[in-house]
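Open your viewer and keep the selection tool ready. We will go from stop to stop, and each stop says what to select.

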Protein chains: 6
Amino acid sequence: MRILVLNPNTSATMTAEIDAAARAAAAPETEIVTVQPSFGSVAIDSAAESYLSAVGVMDVVATQLAAGTFDADAVVLAGFGEHGKDALQEMLDVPVLDIAESAAHVAQLIGRRFSVVTTLARSIAPIEDRLLLAGLAAHCASVRACGLGTAEVDADPAAAVAAIVAEAERAVTLDGADVICLGCAGMAGVTAAITEKLGVPAVDGVAAAVGLAQMLVGLNLSTSKAGVYAAGPDNARTHWPLSQGLHT
Amino acid sequence: MRILVLNPNTSATMTAEIDAAARAAAAPETEIVTVQPSFGSVAIDSAAESYLSAVGVMDVVATQLAAGTFDADAVVLAGFGEHGKDALQEMLDVPVLDIAESAAHVAQLIGRRFSVVTTLARSIAPIEDRLLLAGLAAHCASVRACGLGTAEVDADPAAAVAAIVAEAERAVTLDGADVICLGCAGMAGVTAAITEKLGVPAVDGVAAAVGLAQMLVGLNLSTSKAGVYAAGPDNARTHWPLSQGLHT
Amino acid sequence: MRILVLNPNTSATMTAEIDAAARAAAAPETEIVTVQPSFGSVAIDSAAESYLSAVGVMDVVATQLAAGTFDADAVVLAGFGEHGKDALQEMLDVPVLDIAESAAHVAQLIGRRFSVVTTLARSIAPIEDRLLLAGLAAHCASVRACGLGTAEVDADPAAAVAAIVAEAERAVTLDGADVICLGCAGMAGVTAAITEKLGVPAVDGVAAAVGLAQMLVGLNLSTSKAGVYAAGPDNARTHWPLSQGLHT
Amino acid sequence: MRILVLNPNTSATMTAEIDAAARAAAAPETEIVTVQPSFGSVAIDSAAESYLSAVGVMDVVATQLAAGTFDADAVVLAGFGEHGKDALQEMLDVPVLDIAESAAHVAQLIGRRFSVVTTLARSIAPIEDRLLLAGLAAHCASVRACGLGTAEVDADPAAAVAAIVAEAERAVTLDGADVICLGCAGMAGVTAAITEKLGVPAVDGVAAAVGLAQMLVGLNLSTSKAGVYAAGPDNARTHWPLSQGLHT
Amino acid sequence: MRILVLNPNTSATMTAEIDAAARAAAAPETEIVTVQPSFGSVAIDSAAESYLSAVGVMDVVATQLAAGTFDADAVVLAGFGEHGKDALQEMLDVPVLDIAESAAHVAQLIGRRFSVVTTLARSIAPIEDRLLLAGLAAHCASVRACGLGTAEVDADPAAAVAAIVAEAERAVTLDGADVICLGCAGMAGVTAAITEKLGVPAVDGVAAAVGLAQMLVGLNLSTSKAGVYAAGPDNARTHWPLSQGLHT
Amino acid sequence: MRILVLNPNTSATMTAEIDAAARAAAAPETEIVTVQPSFGSVAIDSAAESYLSAVGVMDVVATQLAAGTFDADAVVLAGFGEHGKDALQEMLDVPVLDIAESAAHVAQLIGRRFSVVTTLARSIAPIEDRLLLAGLAAHCASVRACGLGTAEVDADPAAAVAAIVAEAERAVTLDGADVICLGCAGMAGVTAAITEKLGVPAVDGVAAAVGLAQMLVGLNLSTSKAGVYAAGPDNARTHWPLSQGLHT
């Protein structure tokens, strides 16, 4: 089985971290291929960057489809709250998993109420929106942010882990969560720290999505094409895929 | 990996059918053991029978725990809408999967709106309640019943399949479902018939639960003991497990 | 008029307390008969015990029905959040009242937002579930627990009353409740203490259920048999009623 | 016990019918006094008339309070969906029951889903609003209208009953109701006809409100004055009660 | 364009303040006429006074209609949470705007979550009800009160502004609001103070309603008469309009 | 006042139609400038095209901002259900209006329940999602599609109008709508036809958005920058704006 993991931002460091997380979660016989868009933003901290990243991952897939090189059995979109999953579901016949929804599904299987702990406060709203649209808001106790940005996390990873654990503790104590979803991709060691310190399960979205992708492929199930995820009409587009026409 | 599948009713025929469905869905290295309670009802068509079945499966697990013979890595409760999952989650440290919730989770991963098609109309309410409590009602387009009882299904399986497919078609056409969950356990061939006739994915709850159980075990995740699923206090009980005290 | 009050646990002390509360609330011409199951748990502090208690009260009623001794005009299930009401509604033609739902109905008639104050924190979730399924969650401001278990309540009743009053005060001050429902059965003096200290009405579930039972009998209304509470099909059961087959 | 029943319209015929319905439902020892406003509309078929009727019943009560003649133990506002209950709850220390909410509470006690059947289609919206604000919408299957106005009901009562029964049948068959609430006051014989023809319980709001009023008085419970139903500040008003200043 | 602004209370001071607020918001070519009822209460701090005010503004409009002097292009009901808008919509063919709903609509256009800050705590419930019925509750973060009554606001306006700003700050900090709606009419300078101190937009309901009224008139749109706002049947009424029959 | 209207697709015909609709709705003193992206799709009939269009309109605005040529007082995004409004709100200090939300706001001001009638069935889901996220779903009676695509509408506009009117009639009759929102941009004559044939107000999103934009500018209100619409951090991006780097 081959899973294509799409990092929606253009940070090679992040791509490597996501790739490592996916490999750690995958079964031995599963092949993981992690890629990033050829244009976009090094981090996704706004709606504008989220849309740009959606087009970026669409561009990756469209380019592979056009070249006849797409050969994954499932796709994981490794953006926590970022846009684009539904577009990929339209474009592809294989299952597409989003790490925010995947984490929430897994959390509901092992607890009564889950909280999401993310980095920046401005990521709270898009995560809430993602869960609401996915029909996964009813058991969400809260979406919380520890307030650290990408630069700060990179500068002092241990302090970042501590900040996320502290916020997770508030989710458990104040909001009644009994499971924590890690609301960002690629941070090693956080889920283990949460479980060790707080005694609650912690779900990493990349791991959850890889696990669910393997499950769907194992059950021979994929996206329904009888509804909104059917391929769209063949409308004329200009400059598509965009990366074909960009000056290098 | 070893999965204990609990048929909540006392029908050996149904136990065999569920066992076959679980084996068909399981990975080669997964061992499936399917059992049924030592008391209860041959079919579960009422709230009274649902509670009786919950105590029946609790009794199976309590007996194994008391005897030191419980050795499963995950448990699947193979009743679609029946009670008992939360009790098993309290009693055990391994993941417990319910086939109604499992089917709904899988359906949401591959479509926008799912419908459940069950046999008797009186099963609609408990399934709706199960989905509501599990936080999975938002994307449920409808719960429908084809109106056939266990006896009729047994007497003419082909007619039963046709009736379920016909009801599934109404779910797609009238309610906007793009995925169908089969709302009962152990009917061979129905999901294939739905997909073939209607072109929509159909999810069997036993298969979904086995797949999700394997996923959770693979990710090393289990029920949170930090909340409502913590083991209860050691209250004095009489006649427990009940099967120990029953005249044979 | 004769009301059968079912204590779902096996504590004779609790049965006596519930009986006293029911008699205090009943009209002079109403006869109260309070009974407990012949098997189960002395207190109900888990989902497992809740299911066991549901089968216990079903067993009481089934035994009376089989013996032709059931002669109540209404039944009160005196478990706050415990399972079983719907099963009794299926089995009987007379009205069945649950003390959690009854308290909530009465609270809504006399206030805008009610809170439930119970003993153990692990009872919060089943009470929330009961209210949600009963369609009574919209005006529930909160379900709170004072943190004392049965043993502590028995050891120092006055301290328990003080703890519940203190939690009720938080419900009024922090959550905006203007009515308090007492979320457990059989504690004398608590409702009076709440009203005296906080100036808000306090509703005891046993009293509410007895009052509503008398109301329904007076209006000649009983459970609809046209829907989900119709008697179930005559499925074969083993060892039913269970108490018949238990070694004494 | 003395219950003051307030017909919100100015039709003496309707007042007599409501009075008869209240007396039929009341316990022998309960005294029923039914009155109507001294100004307003002979029927209430608009929001404007509903507000006018609210002020009309407030005027009745204010006049009694000013004269020192108010001596009821409970008040029933006999308008199905009409405004004014909260104002009366502010003005009075005794329980105030609204017939729409009362019918819905009673319906939920005896079934899973109720429908309301009223006369004119333009009454549907205010009834839906009333149930939503009262937190009683979750188990409401539908609010339906048979389309007959007051004049038509008066001209051919038997045809009106038949039309309401026919609409109730649609509520049961199409909407899944297992209890019907009669969405207007004062029509004799309708609930019996519904139950006889359809086999479902039918709840008359006046009877339900009288029963619940007796229940609250019996339990010594009344409106909470700790929240929104506290008496308002003593603002200066002109011409109040209005009836004092109206030319006769 | 001519807009009739209805102050629902009988305070001439408040009428003047509302008139000033409306004029400040209106386009140069818009004529503002602000009036108050001929009976009612000088302030509206209860459900009873809210119903009385609804009949008061209905009386103003009915009197103008009867006299043939009604000539407004739109009507603004300047009560924040008060009743009566739907009645005016029935009575009139021109658009009718309510200042609570108008503020909420405008707030949603410029932010993600809005809070309402009003004066007395007892106004919170009717404002919540108004927003719920109007379908505008989903993005309401909170309704808060600063606790000052009309007299206190009049006695020390600067202190009142400070108290409202302080409460608005809690809405932003604790509830996550990014827009504040001023939950009362006629206080000059509050919106500017909120925006200056907190850096969030503040919406005055009178201004919002005037703006939306101008927008609807400009688009040639008015209340739908195809549904619940159709004129009611011609029921006989006594003493209507009430002001005609009141002794002066 | 100057309003920048953004057609999210690349059809010059559609841009002209939207421009005409905006001009027809605008006040005489308002200047309308309508533009389209420099890349994307001629019609937007999928999630993929919706994301592409969001980046397209972002690109237009970013290019103007970079060149210092952005000088609008408000922006209208003329895609009914398309993505991008929140990104524009982040990027700009002036108000940004979406035609789907604008139509829904205006519809709620003039009726009780609105329906949206769009062209293709596959547009239903994104419109439902847009309304849900905007907190405008509670009063939406239905979103319906007449089934005609862009080509068919262009080939026979009169037939398209008739098909939309027929679908609007079903919304009124079957779903209880009393206002219709036209769920696509740029079709002349449809709203007039709906109102003429069905007697209900019909709201065109472009007109509504222009009206609301003028209202906000008139009230000197704009997007709150205190919450999620604050400008994002200055993350490094490649190839942005994309149109700068595209081969022509």
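Which residue of chain A comes closest to the rotation axis? Select A:L246: its C-alpha lies 2.3 Å from that axis.

Before going on, note that this is a predicted model, where local features need pLDDT of at least 70, side-chain atom pairs count only at pLDDT 80 or more, and totals for chains, interfaces and linings use all residues. Residues are numbered from 1 along each chain as its sequence is written, chains are lettered from A and ligands numbered from 1 in the order in which they are written, and side-chain values use heavy atoms, without hydrogens and water.

**Stop 1: chains A and F**

Show chains A and F. A rotation of 180 degrees, with 0.0 Å of shift along its axis, superposes chain A on chain F with an RMSD of 0.0 Å. That is the relation of a two-fold axis. The same surface serves both copies: 100% of the contact residues of chain A recur in chain F. Copies are superposed by least squares on the C-alpha atoms of residues with pLDDT of at least 70 in both. Contact means heavy atoms within 4.5 Å.

Chain A and chain D do not touch, and their nearest C-alpha atoms are 16 Å apart. Chain C and chain F have no contact either; their closest C-alpha atoms also lie 16 Å apart.

**Stop 2: the tyrosines**

Select A:Y51 and F:Y51. They form a tilted aromatic pair, 6.3 Å centre to centre, with 40 degrees between the planes. The pair crosses between chains, from helix α2 (residues 47-67) of chain A to helix α2 (residues 47-67) of chain F. Rings of Phe, Tyr and Trp (its six-membered ring) pair if their centres lie within 6.5 Å; planes under 30 degrees apart count as stacked, over 60 as edge-to-face and the rest as tilted.

Are these tyrosines buried or exposed? A:Y51 counts as buried at 1% relative accessibility, and F:Y51 is buried with a relative accessible area of 1%. Buried means under 20% relative accessible area, exposed over 50%, partly exposed in between (1.4 Å probe, protein chains only).

Next, select B:Y51 and C:Y51. They form a tilted pair, 6.3 Å centre to centre and 40 degrees between the planes. Both B:Y51 and C:Y51 are buried.

**Stop 3: a histidine**

Select F:H105 in helix α4 (residues 99-110) of chain F. At 2% relative accessibility, F:H105 counts as buried. Among the residues that F:H105 touches are E:H105, E:Q108 and F:L136.

**Stop 4: the sheet of chain D**

Show chain D as a cartoon. Four strands form an open parallel sheet in the order β2-β1-β4-β5. β2 (31-35) and β5 (96-98) of chain D stand at the edges, each with a single partner strand, so one side of each has no neighbour in the sheet. Helices (H or I, at least four residues) and strands (E, at least two) are DSSP runs, numbered from the N terminus. Two strands pair if DSSP finds at least two bridges between them.

Zoom in on β1 (residues 2-6) and β4 (residues 74-77) of chain D: four bridges join them. In β4(D), the bridge partner of D:V5 is D:V76.

**Stop 5: inside chain D**

Finish on D:V206. Among the residues that D:V206 touches are D:I18, D:A78 and D:I99.

Methods. Lists of a residue's contacts leave out its neighbours within four places in sequence.
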